[in-house]
Amino acid sequence: PGHLAALAGATSALGRLGRLGEASDTLDALQILAPTSPLTESATAFMHAIQGREQQAVYALQRALQAQEQLDKELGIEFRHDLALDPVFASLRRTTGLRSMLRRELGAAAPRTYRR
């Protein structure tokens, strides 16, 4: 119950399963435990994105990116991996605003965008 990565992962897993009420409860616990953690912000972004609230998701991702130095190396890599590949963020990755923010915050580590 007090493990940030486990709570963030549970939020995502429950959301993917369509159990949004449980995912929201888990996110609430995460926000109480560590309100400014990049894991909390990325889980918040996930929940906003899965519910179609794209602007709120982008704001939460920006807060997560600005606090990413709090993450250890492995979690930082996983975070950037999720930004680049997670289907929940696919529509966000197509927006100019998110792409610009990622380039600004991540530089060369920003996900590449390819045109089809």
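This is a predicted model: local features need pLDDT of at least 70, side-chain atom pairs count only at pLDDT 80 or more; totals for chains, interfaces and linings use all residues.

A salt bridge here means a side-chain nitrogen of Lys or Arg within 4 Å of a carboxyl oxygen of Asp or Glu. R63 sits in helix α4 (residues 54-66) and E41 in helix α3 (residues 38-50), so the pair ties together parts that are 22 residues apart in sequence. Helices are DSSP runs of H or I with at least four residues, numbered from the N terminus.

How open are the two partners? E41 is buried at 9% relative accessibility, whereas R63 is partly exposed at 38%. Buried means under 20% relative accessible area, exposed over 50%, and partly exposed in between (1.4 Å probe, protein chains only).

## The other pairs

The salt-bridge rule gives a count of three. Another of them joins R16 and D86, at 2.4 Å from N to O. R16 belongs to helix α1 (residues 4-16) and D86 to the loop between α5 (73-85) and α6 (90-93), so this contact links parts 70 residues apart in sequence. D86 is buried, at 7% relative accessibility, while R16 is partly exposed, at 46%.

E22 and R19 also form a salt bridge, their closest N and O atoms being 2.7 Å apart. E22 is partly exposed at 37%, and R19 is partly exposed at 38%.

## How to read the numbers

Residues are numbered from 1 along each chain as its sequence is written, and side-chain values use heavy atoms, leaving out hydrogens and water. Local features need pLDDT of at least 70, side-chain atom pairs count only at pLDDT 80 or more, and totals for chains, interfaces and linings use all residues.

Notes. Helices (H or I, at least four residues) and strands (E, at least two) are DSSP runs, numbered from the N terminus.
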